[in-house]
Amino acid sequence: LLLSVRSGAAISMPGMMDTVLNLGMNDQVVEGLAKKTGNPRFAWDSYRRFLEMFGNVVLEIPRHLFEDELDDIKYEKGVNEDSDLTADDLRELV
């Protein structure tokens, strides 16, 4: 079970609410998601996104630190786009 969690307010404040996607993702869930969907790249990218959002929103880790790590692995693998990274690349990043 994966959840998306959004902070709430009594009055709607567009653009002011933080969201954490894929709450519940962990090392076991990512493997099950990869097997169930037949798409390990999707599973590992979902895990990466969860770690980034949770780290930033909940733990207040600056987002640029996650982006820097992503940029480093893209440089190392010789690719320009996130979508060019393989499942194994994303697993290494996670």
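Predicted model: local features only at pLDDT ≥ 70, side-chain atom pairs only at ≥ 80, totals over all residues.
Me: Which exposed residues sit on the face of helix 1 turned away from its buried side?
Reply: That face carries Gln28, Lys35 and Lys36.

Me: And which residues of helix 1 are buried?
Reply: Val30, Leu33 and Ala34 are the buried ones in helix 1. They lie on the same side of the helix because they cover an arc of only 100° around its axis. In general, an α-helix has 3.6 residues a turn, so residues three or four places apart point the same way.

Me: What covers the buried residues of helix 1?
Reply: The cover includes helix 2.

Me: What happens at the ends of helix 1?
Reply: Asparagine 26 caps the N-terminal end, with a side-chain oxygen 2.9 Å from the backbone nitrogen of glutamine 28. After the helix comes glycine 38, which has a positive phi, near 70°.

Me: Changing topic: how many residues are in the largest nonpolar core?
Reply: That core has 15 residues. Those with the most contacts inside it are Met25, Val30, Ala43, Trp44, Tyr47, Phe50 and Leu85. Helix 1 (27-37), helix 2 (40-57) and helix 3 (63-77) each supply at least two residues.

Me: Which helix gives the most?
Reply: Helix 2 does, with 5 residues.

Me: What does phenylalanine 50 touch, leaving aside residues up to four places away in sequence?
Reply: With those left aside, phenylalanine 50 is in contact with Val20, Leu21, Asn22, Leu23, Met25 and Gly55.

Me: Asparagine 22 is on that list. Is asparagine 22 buried or exposed?
Reply: Asparagine 22 is buried, because its relative accessible area of 17% falls under the 20% cut-off. Its place is in strand 2 (residues 19-23). Beyond residues up to four places away in sequence, asparagine 22 touches Leu2, Leu3, Ser4, Ser46 and Phe50.

Me: What about arginine 48, buried or exposed?
Reply: Arginine 48, in helix 2, is buried, with a relative accessible area of 9%.

Me: Which side chain makes a polar contact with that of arginine 48?
Reply: The side chain of aspartate 45 does, at 3.0 Å.

Me: And what else does arginine 48 touch, again not counting residues up to four places away in sequence?
Reply: On that basis, arginine 48 touches Leu70, Asp82, Leu90, Leu93 and Val94.

Technical notes
Residues numbered from 1 in each chain as written. Heavy atoms only, no water. Core = buried A, V, L, I, M, F, W, Y, C linked by side-chain atoms within 4.5 Å. Buried < 20%, exposed > 50% of the residue type's maximum accessible area, 1.4 Å probe, protein only. Helix = DSSP H or I, 4+ residues; strand = E, 2+ residues; numbered from the N terminus. Contact = heavy atoms within 4.5 Å. Arc of directions from axis to C-beta. Polar contact = N/O pair within 3.5 Å; in protein donor to acceptor, adjacent residues only side chain to side chain.
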